[in-house]
Amino acid sequence: MTKTLTIALMDPPYETETTTTAFRLIDAALRKGHKVNVFAYEGAVNLTMADQAPHPNPVKGTSAEEEDHPTTKDWVAAMFQAYPGKLDWVNCGLCVDERGAGNVIEGAQRGAPKQFAEWSEASDATLVIPAK
Amino acid sequence: MAKKVLSIVESAYRATVEEQDDTILWMNHILKNAGLDITLVLRSNAVNYAVKGQDASGLTFGKLKVSHPPKLDKDLESLLEAGVPVYYVREDAEERGIPQKQLIDGIKAVSAKELPSMLDGFDSIWHW
């Protein structure tokens, strides 16, 4: 039976292992056919920034192509593509404004904590993954 | 003469899958290449970086595979090859049940008791 899960994220990209763990949970739920709502709060609004770019690695001497460095926006985009209609992603608008993070990938929406409240009311479970 | 820097890495596994490495090990390698005299100490959870044969492969989001998972043991070996002495705090490994034989070759143990006198041999101590 399909369930709806709402997840609040706070961590920015490239800082903690939390983001990878959260993405694994999101992908696992979507893979099983569940619906997932993500409310990105504070630094997590940077996860979907469209201007993220892979870079070379001067320690290993690899080019950007050889390094094939992941970006969180590509991970989110891959989940939008693989599970159409199953993932909703809202970035906190005030958090976006204070970071100048308004240029986001297709599918990520601008919203407010009110959206998180409404999703929580309508979801089977809500998981908060805060920054530490 | 280059300043002697002791770089102590304590916080481990910070975005290592996203970065495909540990950003602090990476920066220490860059700083060594830039001419700094760096020595590395792994303590607390970071002692696990020295365990041989770690495998973080197989992760996929949607249909997008993570093509280059982190290889932290190999990154430490690369630091050793670059001339960076690498130590780990013996008690921190023992508390975690990590025996010496599971660690990469070339890494040296330092006991918690020996660590304060070790600090005296450096101009700067950086605690990450």
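Two residues are in contact if their C-beta atoms, placed from the backbone, lie within 7 Å. By that criterion, A:Pro56 touches A:Thr62, A:Ser63, A:Ala64 and A:Glu67, once residues up to four places away in sequence are set aside. The model described here is predicted. In it, 23 residues of chain A are in contact with 18 residues of chain B, and the largest nonpolar core holds 34 residues.

**Surroundings of A:Pro56**

- A:Pro56 belongs to the loop between strand 2 and helix 2 (64–67) of chain A.
- A:Pro56 has 14 C-beta neighbours inside 10 Å and therefore counts as partly exposed, the class between buried, at 20 or more, and exposed, at 12 or fewer.
- Although A:Pro56 and A:Trp89 are separated by 33 residues in sequence, their C-alpha atoms are 29 Å apart in space.

**Nonpolar cores**

- Within the largest nonpolar core, the members that touch the most other members are A:Leu9, A:Ile26 and A:Ala40.
- Two or more residues of this core come from each of the following elements of chain A: strand 1 (4–9), helix 1 (18–31), strand 2 (35–40), helix 3 (72–82), strand 3 (87–92) and helix 5 (113–122).
- Another core, of 25 residues, lies apart from the largest one and includes B:Ala46, B:Leu76, B:Val84 and B:Val86.
- With neighbours within four places in sequence left aside, A:Leu9 is in contact with A:Ala22, A:Val38, A:Ala40, A:Tyr41, A:Ala44 and A:Ile129.

**Contact between the chains**

- The contact between the chains involves 23 residues of chain A and 18 residues of chain B.
- On the side of chain A that touches chain B, helix 1 and helix 3 of chain A each supply at least two residues.
- Helix 3 of chain A gives the most to that side, contributing 7 residues.
- The side of chain A that touches chain B comprises 11 nonpolar, 6 polar and 6 charged residues.

**Helix packing in chain A**

- Helix 1 and helix 3 of chain A pack at an angle of about 10°, and their axes are 11 Å apart.
- These two helices of chain A are therefore roughly parallel to each other, since angles under 35 degrees fall in that class.
- Helix 1 of chain A contributes A:Thr19, A:Phe23, A:Ile26, A:Asp27 and A:Leu30 to the contact, and helix 3 of chain A contributes A:Thr72, A:Trp75 and A:Met79.
- The contact of helix 1 with helix 3 of chain A contains 5 nonpolar, 2 polar and 1 charged residues.

**Helix packing in chain B**

- Helix 2 (residues 23–33) and helix 3 (residues 72–81) of chain B pack at an angle of about 15°, with axes 10 Å apart.
- That angle makes helix 2 of chain B roughly parallel to helix 3 of chain B.
- The crossing of helix 2 and helix 3 of chain B is left-handed.
- From helix 2 of chain B, the residues B:Leu25, B:Asn28 and B:His29 meet B:Asp75, B:Leu76, B:Ser78 and B:Leu79 of helix 3 of chain B.
- By class, the residues of this contact in chain B are 3 nonpolar, 3 polar and 1 charged.

- B:Tyr88 is located in strand 5 (residues 86–89) of chain B.
- B:Tyr88 is buried because 26 other C-beta atoms lie within 10 Å.
- B:Tyr88 and B:Ser44 stand 44 residues apart in sequence and 8.9 Å apart in space, C-alpha to C-alpha.
- Neighbours within four places in sequence aside, B:Tyr88 is in contact with B:Leu42, B:Val47, B:Ala50, B:Ala93, B:Ile107 and B:Ala109.

Conventions. Residues are numbered from 1 along each chain as its sequence is written. Chains are lettered from A and ligands numbered from 1 in the order in which they are written. This is a predicted model: local features need pLDDT of at least 70, side-chain atom pairs count only at pLDDT 80 or more; totals for chains, interfaces and linings use all residues. A nonpolar core is a set of buried Ala, Val, Leu, Ile, Met, Phe, Trp, Tyr and Cys residues joined through C-beta atoms within 7 Å. Helices (H or I, at least four residues) and strands (E, at least two) are DSSP runs, numbered from the N terminus. Ala, Val, Leu, Ile, Met, Phe, Trp, Tyr, Cys and Pro count as nonpolar, Asp, Glu, Lys and Arg as charged, and the others, Gly among them, as polar. Axes are lines fitted to C-alpha atoms, for helices over the stretch in contact, and angles run from 0 to 180 degrees between N-to-C directions. Angles under 35 degrees count as roughly parallel, over 145 as roughly antiparallel, 65 to 115 as roughly perpendicular and the rest as oblique. A crossing is left-handed if the near helix is turned anticlockwise from the far one by less than a right angle, and right-handed if clockwise.
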